[in-house]
Amino acid sequence: MSRPAFRLSHYFCVAITIGVAALGLAVLDKALSAQGTNAPPQETSGVFTPAHPTVYEALREFLGIRSKPVQPIAYTHKVHLGNGMQCTDCHVGVDQGPDARIPSVNFCMTCHQVIATNKPEIKKLAQYKARGEDIPWQRVYGFEPSAHVKFNHAPHIRAGVDCSVCHGDMRQQTVAERKVDHTMGFCINCHQQKNASVDCVTCHF
Amino acid sequence: MERRDFLKISAVAGATAALEGCGNPDHQLIRFIPEEDLIPGIATWKPSVCTLCPAGCGLLVRVMQGEAEVVRDGRLGLLKMGLAKKLEGNPAHPINQGKLCPRGQAGLQVTYHPDRLKGPLARVGPRGSGQFREVSWDDAIKQLTSQLADLQASNQEGGLALITSPLRGQKRAIFEVFANHFKKSLFVESAFLGDSVIRAANAASFGHALPPTVDLGQSNYVLSFGADFVGTWNSPVAQSIGFGEMRKGRPGQRAKFVQFEQRISHTGASADEWVPVQPGMEGMLALGLAHVIMTEKLRPAAAAGHAGSLIEGWSQGLPDYAPERIATQTGLQAETIARIAREAAAHEPAVAIIGDAATAHTNGYFSALAVNALSALLGSVGKPGGILFSSAPAAKESGVSVEILASQINSGAAAAKVLLLYNANPVFSAPAAWGVRAALDKIPFIASFGSFLDETSALADLILPDHSPLESWHDDAPPSGSARTVMSVAPPAMHPLHNTRSTPDVLLDVAHQVGGALGKALPWKAYDEAIQASFAALYKEKGTKTAKDADEFWTKAQEQGGWWSAEPNPAPVSTGGAPSAAAKATAPQFDGDANEYPFHFLPFASQLFYDGSLAHLPWMQEAPDPLSTVMWGAWVEINPKTARKLSVQQGDLVEVASPHGKLKAPALINPGIAPDALAMPVGQGHENFTRYATGCGANPISILSPLTVEGANSFAWAATRVKLSVVGRGKLILFGGSLTEASPELEHR
């Protein structure tokens, strides 16, 4: 009779172990994102590699943990939009194809050659330009490759979906933040409201 | 909690802590500022020109924004740029009409090849050691300039040698200025599968030193003597389209196609009637067919005009070529010859073409004249459904071959001081007996412009790598493949990935630095200026696009991928004057004693590697040969009867020996080859040609005898005799099936 009791306690302990591990990861995630180690572009070695660089990365994806991006320059959407600029002034092509353009440092410098040149963040911008380097912006949104989601901006813009539905109110944000959680439920909900197709292959292919 | 469980928890926590170190900033690549502003995810299609074979098909390149790992100013980083993703045929282009062959599709891999030369190199080790050091473009150009300036100052005759792939357009013009400027330069356009025999024969028969444009689409009877016209010969994509039209494009009408050859080719496999013929007897067979047509009064002898008068005994009706008299020599039955002749005469328009091995016997030039005369007799030359010639003027050839260059240098008759090498690999594609390697060793300075190290460019002292074709300007005037006049032009489809420079631009730069008459002969600052200048006169000609001025014309031509005449405008066929002497039939010569070396050795153009210049493309290495399904290697084809006699099994490693060398390759049993012949694809067996081709298979050219086609300055590469022995078990990888599944009655004879 003692064997089943032992089993039960064993399962309980395993459950605690997993729980603590998950908690540990969540804490670790905060620490890591603070250090700005979010998905850096890595040099490719030219040899076969698995889908994830480490077991840790695989585990993070499995548990749906995503670190907060840390941007190299404290860009402020609020100021630019407040000065009357439009989203599409910089994010060209959002109504034409799957992705919007993130402007290069050259584009920023067309204005900042003369505007606000004494501010520390603009000086950083000028330094990138002087070194011949582009700004290594970190990705904010996006789907895990394993989800096989092919998102295309253009049809959403054509359907009149406001940018803020997915990106939040950019007039209140400095650097872009993940204000909206792009879960499948979020997408399906909107598709149903607007009578858009909810076929699997509409998004997953 | 028990102690054991605590340990488990600690272990998991410890493991996670250890993993914390990932995402090392040292591994982060910097991002360079993009040179172009593209909209992500949107593909554009840009015109270009395929340069992988002489057909000159028009391309459309799918270009999309992507990230490339590149080196700029010595720093490794990521660059957002427009990258070529896919190649397709240009639907507007008259040659390939939107189609593209598998070799052309694989052209994409030239640009992204991991072994591409990424910048200029200077030799440091002994010649051929493959040891180079990186140098700057300024240094490289200075070095080449000083060599050429010294040569100019010395005023020495024959001091400059140039070996290039066959060139056309302004690129050829620039090389030609260099060749003409230095006295008695040796300018060689080297190609193993060259068409110089056919061009020489066409010049004699029809007054056009051009390969023919075969109007298969409107033909009703096609006689092909060895030409693999849907595979590799002449303009294969244009001819494949024509072949499709001939077979299925006209409801209720299906032309007949007869192929004469020793080994069934990709094209022969599509023939209605495949007729084996003895090697070197194609000309005799053509005259036998002509004899039947003339004696049965199906066509008058005079119908052949000038082309007929070139053949001895033509006006007498070729009495020596009665089918009964040539049956034994050609290997055909007399009734077969007579029947095919009657069929051809009864189906207008009928056309006869010759190519590949049939023109690579020692009597190949005579065979080509004989087939031309047959075509003329059938009345289809210069007419729809027959042979047409482009109105574009033929380039004037220098008449120097690799063989002549090597023999002159080896004998001391010429003392070349500087060699300019561009996209040619004569060390690989010439028989050992020519002594090409020894000749190159005698040249003190070799500058190569190729994108890869191969057997020849590894001998260079200085390497100035060209852009890949997709990164380059193009201009091209394909001499065959369309009845329209075609002038292709295309700007680069993408920015260069590496520290390379366009070779015509480098040559212009060097010419200006050398100065003097050389600089004055090349007034353009850049290659595209030269192309634009050559297009300036064209805009008044009637083409498919109209423009109000030369500038608009230039823009429209670039958008379309070239200029082509609005209507087909083949050149009129000249009847010419009477020849000084009619050509007399000659028997083919074969090197090697027939008793010691019982087999004819027939190298053939690979469907995948062409002449071997494409063996570095992994898509081509892994693709199965369409006929045999062999992949990753070379093989020797042998008739099943011969194989039984010699106890050769499929896949056995056999040694093929000629008087000039030997090689080993696995045997492939092929019922479609003569019992006294062995065949082998050309293209493998590279000693030094990138990671994908080096040490793969064997090179049949290495054992060929150094014979020449009589009457034409060309290599007789199908005139070697060989012997065969089994040496063990080889590796033959077949994608599926084998050629011996055919029923026994289909076996050769």
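Helices here are DSSP runs of H or I with at least four residues, and strands are runs of E with at least two. The model is predicted.

**Exercise 1. Describe the overall build of chain B.**

Step 1. Count the elements. Chain B has 22 helices and 28 strands.

Step 2. Take the extent. Along the principal axes, the C-alpha atoms of chain B fill a box of roughly 100 × 75 × 60 Å.

Step 3. A compact globule of 749 residues would have a value near 27 Å. Chain B has 28 Å, which agrees.

Step 4. Look inside. Of the 749 residues in chain B, 56% are buried.

Step 5. Check the contacts. Take those in chain B between residues at least 6 apart in sequence; 76% of them join residues at least 24 apart.

**Exercise 2. Work out which strands stand at the edges of the open sheet of 4 strands in chain B.**

Step 1. Read the order. The sheet runs 1-4-3-2, with mixed pairing.

Step 2. Find the ends. Strand 1 (30-32) and strand 2 (44-49) of chain B each have a single partner strand, so one side of each is left without a neighbour in the sheet.

Step 3. From one strand to the next it averages 50°.

Step 4. Inspect one pair. Strand 1 of chain B pairs with strand 4 (residues 75-89) in the parallel sense, over 3 bridges. At one of the bridges, Phe32(B) has Leu79(B) in strand 4 as its partner.

**Exercise 3. List the buried residues of helix 18 of chain B and what they pack against.**

Step 1. Locate the helix. Helix 18 of chain B covers residues 527-536.

Step 2. Name its buried residues. They are Tyr527(B), Asp528(B), Ala530(B), Ile531(B), Gln532(B) and Phe535(B).

Step 3. Find their packing partners. Among them are helix 5 (169-181), helix 16 (503-514) and helix 19 (550-560) of chain B. Strands take part too, including strand 19 (486-490) of chain B.

**Exercise 4. Decide whether Lys119(A) is buried or exposed.**

Step 1. Lys119(A) lies in the loop between helix 5 (105-112) and helix 6 (120-131) of chain A.

Step 2. Apply the cut-off. Lys119(A) has 12, so it counts as exposed.

Step 3. Compare sequence with space. Lys119(A) and Arg131(A) are 12 residues apart in sequence and 19 Å apart in space, C-alpha to C-alpha.

**Exercise 5. Identify stretches of chain A with pLDDT below 50.**

Step 1. Start with the average. Chain A averages a pLDDT of 81, and 76% of the residues score at least 70.

Step 2. Draw the lesson. Where pLDDT is low, predicted coordinates should not be read in detail.

Key: Residues are numbered from 1 along each chain as its sequence is written. Chains are lettered from A and ligands numbered from 1 in the order in which they are written. This is a predicted model: local features need pLDDT of at least 70, side-chain atom pairs count only at pLDDT 80 or more; totals for chains, interfaces and linings use all residues. The radius of gyration is taken over C-alpha atoms; the globule rule is 2.2 Å times the number of residues to the power 0.38. A residue is buried if 20 or more other C-beta atoms lie within 10 Å of its own, exposed if 12 or fewer, and partly exposed in between; C-beta atoms are placed from the backbone. Two residues are in contact if their C-beta atoms, placed from the backbone, lie within 7 Å. Two strands pair if DSSP finds at least two bridges between them. Axes are lines fitted to C-alpha atoms, for helices over the stretch in contact, and angles run from 0 to 180 degrees between N-to-C directions. pLDDT is the predictor's confidence in each residue, from 0 to 100.
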